[in-house]
Amino acid sequence: MTKMIGKSVKRVEDKRFITGKGQYTDDIVLPNMTYAHFVRSPYAHAKILSVDTAEALKHPGVVAIFTGADVAEVNGVPCGWQVNFKNGETMKEPKHPLLVVNKARHAGDAVAVVIAESKEAARDAVDLIEVDYDELDAVVDPKKAAEDGAPLVHEDAPNNICFDWELGNPKEEVDAAIASSAHVTTLEFANQRVAPNAIEPRSYIGDYDAAYDKYTLYTSTQNPHLIRLLICAFVLGIPEHKVRVVSKDVGGGFGSKIFHYAEEALVTWISKQIGRPVKWTADRSEAFLTDAHGRDHVTKAEMGFDADGKITGLRIKTYAAMGGYLSTFAPAVPTYLHGTLLQGLYTTPKIHIDVVATFTHTSAVDAYRGAGRPEATYLLERMLDTAALEMGRDPAELRLQNFIPAFNGIDEEGYVTNVALQYDSGNYHPVLHRALEMVGYEDFRKEQAAARENGKLLGIGFSTYIEACGIAPSAVVGALGARAGLFEVSQVRVQPTGKVSVYTGAHSHGQGHETTFAQVVADKFGIPLEDVDIVHGDSDSVAFGMGTYGSRSLAVGGSALVKSIEKVIEKGTKIAAHKLEAAEEDLEFAEGKWTVKGTDKSIGFADVSLTAYVPHDYPAGLEPGLDFSSFYDPTNFTYPFGAHIAIVEVDKDTGKVSLKRFIAVDDVGNVINPMIVDGQIHGGVVQGVGQAMFEHAYYDEDGQLITGSYMDYAMPRADDIPMIETDRTTTPCPHNPLGVKGAGEAGAIGSTPAVVNAVMDALSPFGVKNLSMPLTSESVWRAMNS
């Protein structure tokens, strides 16, 4: 049997997708189904004086209309992570209502919902609802939101501050390290807000069955069991056994579909009120306004160096936008997913970070591909390139000089950072050396110098990153504020014929789980890939799970799978020993069969599985069946890392930036399917390039989303991206059975600063050191001509 781990197998799920057989939530049509459409506030901040639904209720096809007053007694949408102030005070956590009652807090805030026989009737009736608003001043900038006199988003959050949090060494020690440094690099910048733009908009169907007193929620989520938990335990107070959450195919998420949204709970609640199923699917304009956005930090960073170029200290103050309400994991992003990664790959001896999270009159901000890790990497890598320019140092050499030495995490302790983490294993120099080799660094510098003499602006930018993935263990994240465990669950059921069904709490939204999980099972059992079926996304089929995000599917979900596989093999060995009349210790299992060592006596996997279900000749005292479940809660995060290099050309006359080459050398631990990993890297790189050069969810001072459609929100296109050149080094994770680290977010973490650094390198003859993203032609042209 061919080994399946490490093999580039084509994705088995793609057949149904490319033949139009996928089933997304909006494809589902239930008998007697109704359709929801929302009245949304056109203002970012406004009192709601009255809501008149009388004319809308007369409109043909309208079934019901609900306003904030109807759901005022229903609990709000909960936040899943708690962060405390420096002084220990609990963060401010205002209620996030399903429909607003007295005040709208961002453009798009839901004021009322129409339920009708058709989407068209619901949409038409919405236009007949009269809402009397009293528009108020708004604040959209996270730093300005904390200023005295700024308009308040919530009256119970003074100065709009959700929390003020710090991490690292004592501030006075960092202040002293910076003050005594031979050189200090200072940057002030914004990591701009971006919209997730999954190809499938959010879609939900609530269906209450009175005969069984049971609810079914069909949802385009990354996290079915968490959604059930939040709806049952916190919002609607329904026993969990009375709620089924089904998430069939999901068309992308990038983090934005992890969270519990008000619309999910609302369609579930309404379905009981009217006794009929209710469907809501966002249109693209609603998605721009109501999907949780990403990033939106305003930062000042100072990095000190000694006379030899060694980093002496790092001091950071960041203002992070939360938006109008707290989304599910929002407080974790600028703190435990950003602050804890600010050691990066460097031996920085003193670090202090202060994060002020503020409410703003905008849509919520939460995890978006990378979630805090891109913001941390952007900060560090912009600082390193800027410092190299200021000190006249080569940016690659400056990094290599400051890298943490190699360690394997087995017979050498993991590296303990100054920001609360212990890296599992790392060997950082080879990834950058390999990237430099691939780009032909010395030759490029010669080419660049020659080009500049001819008026051509070429630039090269570096980014060396580390990220925390496999989000867990539960005890650690619980201490850090998580309000849920972050383990994973997997059940392996071997059928009598030797075919295998796997029930996993991980849930794919494009990652290829049905292929990679099947590869692990096929490899471990020595059976054909087509003999393995992967089931996910249904809370009635899968006992429990914590979903897919934070590049955790294989590191946590795959490890749970391996635990169940090992239990199957262990029990199978007892059955095989009985059938072969041998001692268990005399058997070895390989290539789909148990063999008595040193002989040709063997029994196959399917024969053992059949015996387990037809136990006529069977070990005494051993229960029948071959079906095991496992929970896996890791001992640490995993820490992928890598080096990305971008080469750009800037048009001197127009400011247009052209990305000429992009090299990504990543270390994601062991790789199950190289082709899928390459695809993940490619997709992440494109998203990172998008933030660097094109994307910005831009609010004006009145809180209006100016870039709320594809006419205004620019995204990278095929001709903007060169062929991405990839390679890998392999440093296995020492604490999970597959040695994997995670690959889903790496591309988005390393690419953005590489591109921005390349543009700054190209513009260095003009004395330009810093520009705000996105680096549009206009902003680059103005910088060259200022």
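Strands here are DSSP runs of at least two residues, numbered from the N terminus. With that in hand, strand 13 covers residues 297–305, and histidine 297 lies in it. One caution before I go on: this is a predicted model.

Let's stay with histidine 297. Is it buried or exposed? Histidine 297 is buried, because its relative accessible area is 3% and the cut-off for buried is under 20%. Which residues does it touch, leaving aside neighbours within four places in sequence? Phe189, Ala190 and Asn191 are in contact with it. Now take valine 245, 52 residues away along the chain from histidine 297. Their C-alpha atoms are separated by 34 Å.

Aspartate 296 sits in the loop between helix 7, residues 284–290, and strand 13. Its phi is positive, about 65 degrees, and it is not a glycine. Why flag that? Because most residues other than glycine have a negative phi. Aspartate 296 is buried too, with a relative accessible area of 10%.

There is another positive phi to show you. Glutamate 581 is not a glycine either, and its phi is about 55 degrees. Where is it found? In the loop between helix 14, residues 553–580, and strand 20, residues 587–590. Glutamate 581 is exposed, at 73% relative accessible area. So we have a buried aspartate 296 and an exposed glutamate 581.

While we are on backbone geometry, look at proline 774. A cis peptide bond joins methionine 773 to proline 774, with omega about -5 degrees. Proline 774 is in the loop between helix 17, residues 746–763, and helix 18, residues 777–785. Most peptide bonds, for reference, are trans.

Histidine 225 belongs to helix 5, which spans residues 224–235. Histidine 225 is buried, with a relative accessible area of 2%. What does its side chain reach? The backbone oxygen of valine 542, at 2.8 Å.

Now helix packing. Two packed helices are described by the angle between their axes and the distance between the axes.

Helix 5 packs with helix 6, residues 262–274. Their axes come within 11 Å and cross at roughly 65 degrees. The range for roughly perpendicular is 65 to 115 degrees, so helix 5 and helix 6 are roughly perpendicular. The crossing is right-handed. From helix 5, Ile227, Ile231 and Val235 make the contact. From helix 6, Glu264, Ala265 and Thr268 do. By class, that contact has 4 nonpolar, 1 polar and 1 charged residues.

The other pair is helix 9, residues 395–402, and helix 10, residues 429–439. How do they run relative to each other? Their axes come within 10 Å and cross at roughly 165 degrees. Angles over 145 count as roughly antiparallel, so that is what helix 9 and helix 10 are. Here the crossing is left-handed. Ala396, Arg399 and Leu400 of helix 9 meet His429, Leu432, His433 and Leu436 of helix 10. That contact comprises 4 nonpolar, 2 polar and 1 charged residues.

To recap the helix pairs: helix 5 and helix 6 are roughly perpendicular, while helix 9 and helix 10 are roughly antiparallel. That's my tour. Thank you.

How values were computed:
Residues are numbered from 1 along each chain as its sequence is written. This is a predicted model: local features need pLDDT of at least 70, side-chain atom pairs count only at pLDDT 80 or more; totals for chains, interfaces and linings use all residues. Side-chain values use heavy atoms; hydrogens and water are left out. Helices (H or I, at least four residues) and strands (E, at least two) are DSSP runs, numbered from the N terminus. Buried means under 20% relative accessible area, exposed over 50%, partly exposed in between (1.4 Å probe, protein chains only). A polar contact is a pair of N or O atoms within 3.5 Å; within protein, one must be able to donate a hydrogen and the other to accept it, and residues adjacent in sequence count only if both atoms are side-chain atoms. Axes are lines fitted to C-alpha atoms, for helices over the stretch in contact, and angles run from 0 to 180 degrees between N-to-C directions. Angles under 35 degrees count as roughly parallel, over 145 as roughly antiparallel, 65 to 115 as roughly perpendicular and the rest as oblique. A crossing is left-handed if the near helix is turned anticlockwise from the far one by less than a right angle, and right-handed if clockwise. Contact means heavy atoms within 4.5 Å. Ala, Val, Leu, Ile, Met, Phe, Trp, Tyr, Cys and Pro count as nonpolar, Asp, Glu, Lys and Arg as charged, and the others, Gly among them, as polar.
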